[in-house]
Amino acid sequence: MSTIKTTNITHGSNSGTANLVLASDGTTAMKGHILQVVSYESGASYESAAVSPSSNPETSWMDLKTTGSDFLAATITPAATTSKVMISFHLTGEGNTSDETWRIRLSRAISGGSTTYIQGTAAGSRVPCIGTLYPGYHGDDNDSTPSSFVVANLVDSPSTTSATTYTVQMNNKNGSKTFNLNRTNANTDDSNQEVGYSYITLMEIGG
């Protein structure tokens, strides 16, 4: 006959707080657990026009946004300053210039605080970014061949309990150009052209 061992669980002092996981020793264990998930998804096609001056495009970035005030962005309010934020996003579309000339990064705006950027480390004249668009076609095909870019499981440490907004940004090394999210540049009603789907997902991980 098998024996079933029973462990008594005593509620800790924080047992009434939302999003806490109760451990068998009576403590509240958040570390390593997903506490919340926030996402923004868009199947709508829209344009994002870069307004960077052609004389210095490296210092001007644009938010990917709709014709209104809708951005490819998501906001999360961490439960603790020790929490991590795991970020994943996917964008697809086509610009009116070669794919490899587009750079991508994330802006991090903390409510009541500063705006910083998730990107590579500055090094001389090199432009910090996360990466560049994957070439959809090796050639100057800027009408009917969309490209894409994916970030999976990027971990950030905002160290705040204030609302934190992550926004996908792009710029182009050739200056003022237009990127068409979720569609081709030509955007004609043709079976050889595609419409895409873009999203950003944030997960708070207890730390």
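Predicted model: local features only at pLDDT ≥ 70, side-chain atom pairs only at ≥ 80, totals over all residues.
Residues are numbered from 1 along each chain as its sequence is written, and side-chain values use heavy atoms, with hydrogens and water left out.

**The overall picture**

- Reading from the N terminus, the elements go β-β-β-β-β-β-β-β-β-β-β-β. Helices (H or I, at least four residues) and strands (E, at least two) are DSSP runs, numbered from the N terminus.
- The protein has 207 residues, and 40% of them count as buried. Buried means under 20% relative accessible area, exposed means over 50%, and partly exposed is in between (1.4 Å probe, protein chains only).
- The accessible surface is about 11000 Å², and carbon and sulfur atoms make up 47% of that. Those areas come from the Shrake-Rupley method with a 1.4 Å probe, and for residues only the protein chains shown count as cover.
- Take the contacts with a separation of 6 or more: 78% of them are between residues 24 or more positions apart. A contact here means heavy atoms within 4.5 Å.

**Strand β5 and its partners**

- β5 covers residues 84-95 and is mostly tucked away, with 10 of its 12 residues buried.
- Its pairing with β12 (residues 198-205) is antiparallel and takes in seven bridges. Two strands pair if DSSP finds at least two bridges between them.
- β5 also runs antiparallel to β9 (residues 147-156), joined by eight bridges. Look there for I87, whose bridge partner in β9 is L154.
- Then there's β11 (residues 178-181), antiparallel to β5 with three bridges. In this case G93 has L181 as its bridge partner.

**The salt bridge**

- The structure has one salt bridge, meaning a side-chain nitrogen of Lys or Arg within 4 Å of a carboxyl oxygen of Asp or Glu.
- The side chains involved belong to R108 and D156, at 2.7 Å from N to O.
- This pair ties together distant parts of the chain: R108 sits in β6 (residues 102-110) and D156 in β9, 48 residues apart.
- Are these two buried or exposed? Both R108 and D156 are buried.
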